[in-house]
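The following exercises are to be worked with the sequence and the coordinates at hand. Each task is followed by a solution in steps.

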Amino acid sequence: MNAAPLFPRLALIGFGLIGGSIARGARTQGLAGEIVATARSAATRARVKELGQEFGIVDRVVETNAEAVKDADLVILSIPVGVCGDVAKEIAPYLKPGAIISDVGSVKGAVARDMAPHLPANVHFIPAHPVAGTENSGPDSGFAELFNNRWCILTPPPDADAKAVERLAEFWGTLGANVEIMTPEHHDLVLAITSHLPHLIAYTIVSTAEELEGVTSSEVLKFSAGGFRDFTRIAASDPTMWRDVFLTNKDAVLEMLGEFQEDLSKLTRAIRRGDGEALFDHFTRTRAIRRGIVNLGQDEAGADFGRRHANLAKKPT
């Protein structure tokens with residue numbers, strides 16, 4: 001006899017990479033008895049409905065956020081952080097007492113400030129951030145294994161119900177994630193250096209290459225070495241999401257950007273002065289960070305960062 005699902009009804013507001021992966025993972029793991037989804041655009045809703053009919057990813061697709069959350073036991077907002085407050089205000093009158101309300105945004109302080117004032121006291125608001133993703137977006141981009149051995153950070157308010165936090169942690173753990181709990185402020189500072197600043201740098205480097213005089217765009221594409229190629233992957237991320245991230249986490253990002261500029265100035269001086277020892281020492285220290293990431297299972301150590309390559313065809317003689 002199958003065990004009862006952790007949540008009888010799961011509502012997903014937004015159905016891109018993260019929302020779609022949650023739906024696929026929850027269905028695979030039997031975490032929800034019913035999965036109801038909605039999205040802002042009619043085209044996305046239509047595609048999600050097709051995916052539901054073809055693969056059983058969702059049970060129902062509805063037109064509005066209010067319809068989606070009706071009688072839902074877990075509501076997850078998979079939308080840009082800049083609109084979370086407005087959506088919280090919209091759905092508040094329709095939330096089931098005792099429901100858990102969460103999100104997936106990569107900024108937590110602003111989400112807590114924007115959403116909490118609108119939510120009724122009889123629901124459990126537990127912000128979350130699954131630290132996983134790809135450069136792809138849209139309803140077809142999700143896959144059930146996205147969260148395997150990745151981290152999901154929960155930032156519950158101080159008065160959050162412990163059992164509700166445990167249930168949400170179990171949900172993410174069953175999806176494959178390692179769960180960590182921290183304050184919204186600490187989350188935003190950590191993610192500013194590990195995620196937000198790297199994206200800002202990637203957008204800047206790709207933009208600089210595009211604007212270079214004396215280097216044609218075809219040369220930039222043709223001779224893109226591994227480093228630049230990987231920057232373009234990061235810079236291909238959803239522009240709406242990242243616009244909102246930088247606007248809502250600007251204090252932490254600016255603090256980390258200041259630290260980065262200081263380090264960049266030190267490297268600039270070392271290069272200008274021909275100080276090879278300083279450069280070597282710096283690169284040796286930073287190389288150890290890469291080894292640590294691999295040792296924690298957050299990436300692989302295979303050749304060319306684990307990329308798969310087609311066999312080289314032998315030239316005819």
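**Exercise 1. A serine side chain**

Which backbone oxygen does the side chain of S21 reach, and at what distance? Determine also where S21 lies and whether S21 counts as buried or exposed.

*Solution.* Two conventions come first. The model is predicted, so local features need pLDDT of at least 70 and side-chain atom pairs count only at pLDDT 80 or more, while totals for chains, interfaces and linings use all residues. Residues are numbered from 1 along each chain as its sequence is written, and side-chain values use heavy atoms, with hydrogens and water left out.

Step 1. The side chain of S21 reaches the backbone oxygen of L17 at 2.7 Å. This is read as a polar contact, namely a pair of N or O atoms within 3.5 Å; within protein, one must be able to donate a hydrogen and the other to accept it, and residues adjacent in sequence count only if both atoms are side-chain atoms.

Step 2. The backbone nitrogen of F143 is also reached by the side chain of S21, at 3.0 Å.

Step 3. S21 belongs to helix α1. Helices (H or I, at least four residues) and strands (E, at least two) are DSSP runs, numbered from the N terminus.

Step 4. S21 is buried, its relative accessibility being 0%. The classes are buried under 20% relative accessible area, exposed over 50%, and partly exposed in between (1.4 Å probe, protein chains only).

Step 5. Neighbours within four places in sequence aside, the contacts of S21 include G142, F143, A144 and F147; contact means heavy atoms within 4.5 Å.

**Exercise 2. The open sheet**

In what order do the six strands of the open sheet follow one another, and which strands stand at its edges?

*Solution.* Step 1. The order is β3-β2-β1-β4-β5-β6, with parallel pairing. Two strands pair if DSSP finds at least two bridges between them.

Step 2. The edges are taken by β3 (60-61) and β6 (124-125); each has a single partner strand, so one side of each lacks a neighbour in the sheet.

Step 3. On one side, β1 (residues 7-13) pairs with β2 (residues 32-38) in the parallel sense over six bridges. F7 has A32 as its bridge partner in β2, and R9 stands opposite E34 of that strand.

Step 4. The chain passes from β1 through helix α1 (residues 17-29) to β2 in a right-handed β-α-β crossover. Right-handed means that, with the strands pointing away from the viewer, the path from the first strand over the helix to the second runs clockwise.

Step 5. β1 and β4 also run parallel, joined by four bridges; I13 has L77 as its bridge partner in β4.

Step 6. Five of the seven residues of β1 are buried, so this strand is largely enclosed by the rest of the structure.

**Exercise 3. A residue of strand β2**

With which residues is T38 in contact, leaving aside its neighbours within four places in sequence?

*Solution.* Step 1. T38 lies in strand β2 and is buried, with a relative accessible area of 2%.

Step 2. The contacts of T38 are L12, I13, G14, F15, R45, V62, E63, T64, N65 and A68, with neighbours within four places in sequence left aside.

**Exercise 4. Cysteines**

How many disulfides does the model contain?

*Solution.* Step 1. A disulfide is a pair of cysteine sulfur atoms within 2.5 Å, and by this rule the count is zero.

Step 2. C84 is in no disulfide, since the nearest cysteine sulfur, that of C152, is 14 Å away. For C152, that distance to the sulfur of C84 is too far for a bond.

Step 3. C84 is buried at 1% relative accessibility, and C152 is buried at 0%.

**Exercise 5. Positive phi values**

What is the phi of D71, and what is that of N149?

*Solution.* Step 1. Most residues other than glycine have a negative phi, and most peptide bonds are trans.

Step 2. D71 has a positive phi, near 65°. D71 is placed in the loop between α3 (65-69) and β4 and is partly exposed at 39% relative accessible area.

Step 3. N149 has a positive phi, near 60°. N149 is in the loop between β7 (128-131) and β8 (151-154) and is partly exposed at 34%.
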